[in-house]
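Dear colleague,

Please find below the structure that I am handing over to you. My notes on it follow directly after.

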Amino acid sequence: MTGKEVRERFLKYFADRGHTIVSSSNLIPKNDPTLLFTNAGMNQFKDLFLGLEKRDYIRACSSQKCVRAGGKHNDLENVGRTARHHTFFEMLGNFSFGDYFKKEAIAFAWEFLTQELKLDKNRLYVSVYKDDDEAAAIWHEQEGVPLDRIYRFDEDNFWSMGDTGPCGPCTEIFWDNGPATGCGSADCAVGCDCDRYMEIWNNVFMQFNRDEQGVMTPLPKPSVDTGMGLERISTVMQGVTSNYDTDLIQGIIRHVEKLSGKQYRAEEKDDVSMRVIADHSRAITFLICDGVLPSNEGRGYVLRRIMRRAARHAKMLGFSEPVLYRIVDAVISVMAEAYPDLLQREEYIKKVVRAEEERFAETLDNGLRILNDEVTALKNRGAKVLPGEVVFKLYDTYGFPMDLTADIVSNEGFTVDEAGFEACMEKQREQAREHWKGSGEERVSTVYKNLHGQGLRTSFTGYDERTAYSVITALLQDGNPVESAAAGAEVDVITETTPFYGESGGQAGDTGEISTGNAHLEVIATLKPLADLIVHRARVREGIVKVGDAVDLKVAGSRRTATARNHTATHLLQAALRQVLGDHVKQAGSQVDNERLRFDFTHFSAMTQEELERVEELVNTYIMDNTDVAAREMELDKAMESGATALFDEKYGDTVRVVRVGEVSCELCGGTHVRASGDIGLFKLLSEAGIAAGVRRIEALTGMEALHYARRLEEDQKKIASLVKAEGGDAVDRIQRIMARQKELQREIETLQGRLNASASADLLAGVREIGGIKTLAVKVDMDDPKGLREFADSLKDRIGSGVIAIGTEKDGKATLLVAVTKDLTSRFKAGDLIKQLAPIIGGSGGGKPELAQAGGSIPDKLGEALEKLYELVG
């Protein structure tokens with residue numbers, strides 16, 4: 001049975017038993033700051049387990065794409081070396097939200113495995129939590145599992161998604177791979193670390209919620225969360241013992257074989273590299289498809305490390321050119337039927353991967369150069385151990401795992417400081433754990449979820465009107481529900497209906513006023529913590545406001561209009577970018593408010609001035625066409641068929657809002673817009689820059705802000721013309737002549753300075769000391785120009801012929817030291833080594849090349865002592 005067939009069989013089995021098939025959520029978790037990536041099937045159902053959300057089903061099943069890498073899952077080095085470690089995997093799961101519990105969950109699992117998949121009962125074992133007599137009894141009495149096949153464990157059979165959240169006892173099902181796969185120990189049994197007894201299914205009985213203090217409270221309704229790794233159950237169904245031998249991954253490995261010309265299972269080190277590339281290519285493909293891009297922080301940093309590890313293994317296989325982007329083809333070939341969005345974003349994914357590979361090629365060479373320099377320096381000092389800090393730097397910055405570094409230096413007779421490396425790794429793990437705790441999406445406050453769970457909703461009327469009459473349904477002060485609030489208080493106000501747009505989709509929330517018969521509130525922000533709950537953050541200016549009060553709501557009209565101009569302009573901007581740069585351009589983020597717009601998009605090089613001007617002209621042309629802007633709700637499938645553009649990482653409902661600007665733009669969007677493109681007035685592009693690998697950012701102005709910007713430029717131009725006495729309009733020509741004259745004067749100054757340096761160096765040579773046949777000079781001079789200081793050092797070197805020189809200078813309470821060594825002496829004295837010994841004396845640090853090095857310090861009074869030290873070092 002193929003992996004595809006297992007997935008389909010699982011979903012159909014549970015759908016036939018009343019479960020709603022729910023599509024996989026994005027790998028970027030929504031509204032959960034405890035997660036770096038989606039790492040389990042239950043992530044998207046977390047609020048259902050907590051009773052904070054209600055949906056129109058109480059049973060569900062899914063095949064969830066998951067990534068476990070980074071944060072507390074920081075064991076990349078095991079991937080490719082074991083049969084079952086992965087960064088990317090699929091988790092099959094069935095879920096009950098207060099419906100069935102242990103009895104039914106166990107029955108479903110046993111029936112699916114033994115009757116649907118027809119697994120041999122004699123090769124199946126189960127485990128339960130040590131105190132869960134109920135689950136043990138169900139297995140034995142209901143399903144007939146012999147008592148000697150039921151094991152009881154402690155921590156291994158109590159499951160939680162993270163440090164906080166839903167948790168409870170669990171029961172696991174194991175498959176016996178046979179004695180040949182085991183450790184051979186007489187006491188080998190379920191729970192042994194060897195590969196014989198493989199866990200294939202975990203049924204978690206969600207009974208508690210664990211808070212940040214570790215306190216567990218009963219959930220409103222006991223629920224069930226199960227997980228069965230698709231890769232693991234596929235090994236069983238296909239009669240293999242390694243996940244990498246299943247059809248889910250073998251197709252990718254065969255593609256690597258074809259590209260490399262090497263055969264899998266021919267040589268172990270090549271096998272490891274092929275498995276690494278196959279696994280990591282799956283993670284890379286899906287992460288980029290879901291909107292993660294390589295960067296130096298958070299999720300992007302984890303992706304970058306995965307990509308660089310795969311690229312290094314490609315190099316070990318003999319690839320000298322980028323190849324990972326070609327492996328993406330194999331991943332999509334295997335997975336696209338289950339995840340069709342891979343096909344839609346194929347070209348984009350491959351471009352991101354190739355750009356990162358090319359970037360790493362340079363980094364890899366730099367890492368090897370640094371390693372070679374360190375080895376040379378150690379040889380000169382007679383050392384034989386590479387410091388752990390260096391090993392870690394190569395690992396962390398350049399993607400060199402410790403074993404690779406150890407292999408390279410062993411050829412030179414060196415070992416590595418493993419303990420020092422591990423200390424650095426542990427420090428990084430601790431930092432990663434801290435980073436992981438806060439790197440997810442912004443958490444939706446529990447109080448809003450509770451209110452939502454109680455049935456509180458807000459109807460948004462702001463697409464068609466900017467005023468409304470409604471009733472206050474809740475007031476919150478300092479995060480707590482209150483019945484009233486008096487003048488001076490800052491409160492969150494929730495009403496039955498509102499024309500106020502809550503911040504979402506990159507659009508800033510509205511501001512405005514709320515009034516009752518005797519109270520007046522200033523709305524300073526509007527939030528949208530949940531899809532159908534809008535919160536007005538307001539200051540009570542006068543009177544007392546109460547729950548149940550009838551209120552008038554009025555949006556600040558000019559601010560809303562300006563924001564709408566900017567939002568519609570982003571749609572026109574994306575259309576123009578796609579026309580000028582190509583269809584690979586996708587929105588990667590945006591931010592619009594009443595002052596400006598920011599638009600992030602996928603592109604792999606800086607835009608030329610010509611491209612920027614063309615985009616700006618196109619947007620303004622669309623504006624001047626004054627095309628109607630129309631919005632309507634449609635079914636998602638029909639909207640996509642109509643050509644509407646969707647966001648990468650957004651999960652849409654069955655019904656979506658489509659905003660169309662004539663034939664120019666058609667996007668899924670819930671924001672507010674102008675009625676016709678001409679209402680935007682003017683579009684002025686301010687800047688374009690890179691913010692991550694493959695992502696560019698444009699900032700721009702529209703409407704009155706664009707006009708104000710043009711006026712400021714005009715005023716600056718007049719001031720500049722006045723300053724250079726060019727009011728007649730030839731300011732540019734005048735400035736060019738002034739700059740040319742400045743360069744001419746600078747050259748004259750440098751010529752005079754050179755003559756002075758030559759004269760001064762001649763005088764200073766009288767202070768040269770000959771130490772052991774080495775001419776040595778250490779002097780303090782009055783010079784604050786770094787370039788001049790280096791030129792002065794060159795002048796002294798020319799005059800001394802062969803020797804060692806130190807120059808010290810002071811400026812603004814800071815000391816500067818420069819050491820120069822003539823080329824013939826660099827085998828004995830290196831300027832960089834000398835400066836490192838002198839710099840601490842002046843309270844600083846420094847470095848440089850063998851012939852020239854520089855340091856700065858904060859103790860200029862000790863310059864004399866530092867200079868005198870040079871003579872001692874040379875001696």
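The notes below cover the strands and sheets, the nonpolar cores and the cysteines.

The model is predicted, so local features were required to have a pLDDT of at least 70 and side-chain atom pairs a pLDDT of 80 or more, whereas totals for chains, interfaces and linings use all residues. Residues are numbered from 1 along each chain as its sequence is written, and side-chain values use heavy atoms, without hydrogens and water.

I begin with strand β4. Helices (H or I, at least four residues) and strands (E, at least two) are DSSP runs, numbered from the N terminus. Strand β4 covers residues 124–129, and six of its six residues are buried, so the strand is largely enclosed by the rest of the structure. Here buried means under 20% relative accessible area, exposed means over 50%, and partly exposed lies in between (1.4 Å probe, protein chains only). Two strands count as paired if DSSP finds at least two bridges between them. Four bridges link β4 in the antiparallel sense to β7 (residues 165–176), and another four link β4 in the parallel sense to β5 (residues 150–153). V126 has a bridge partner in each of these strands: I173 in β7 and I150 in β5. Together with helix α4 (residues 133–142), β4 and β5 make a right-handed β-α-β unit; right-handed means that, with the strands pointing away from the viewer, the path from the first strand over the helix to the second runs clockwise.

Next come the nonpolar cores. Such a core is a set of buried Ala, Val, Leu, Ile, Met, Phe, Trp, Tyr and Cys residues joined through side-chain atoms within 4.5 Å. The largest one has 112 residues, and those with the most contacts inside it are L113, L119, I200, W201 and I233. Leaving aside residues up to four places away in sequence, L113 touches K118, L119, I173, I200, W201, M228 and I233, where contact means heavy atoms within 4.5 Å.

An open sheet of three strands is ordered β25-β26-β27 with antiparallel pairing. Its edge strands, each pairing on one side only, are β25 (629–635) and β27 (665–668). Seven bridges join β25 to β26 (residues 655–661), and E635 stands opposite T655 in β26. Helix α16 (residues 557–581) packs on this sheet, touching β25, β26 and β27, and its direction makes about 120° with that of β27. Axes are lines fitted to C-alpha atoms, for helices over the stretch in contact, and angles run from 0 to 180 degrees between N-to-C directions.

The other open sheet has six strands in the order β30-β31-β32-β33-β35-β34, with mixed pairing. Its edge strands are β30 (769–771) and β34 (844–848). Five bridges pair β34 with β35 (residues 852–857) in the antiparallel sense, and S845 has G856 as its bridge partner in β35. Helix α23 (residues 863–874) lies across β30, β31, β32 and β33, running at about 175° to β31.

Finally, the cysteines. A search of the whole structure finds zero disulfides, a disulfide being a pair of cysteine sulfur atoms within 2.5 Å. For C188, the nearest cysteine sulfur is that of C194, 3.5 Å away. The sulfur of C192 is 3.6 Å from its closest cysteine sulfur, in C194, which is too far for a bond. C188 is buried, with a relative accessible area of 14%, whereas C192 counts as partly exposed at 30%.

Yours sincerely
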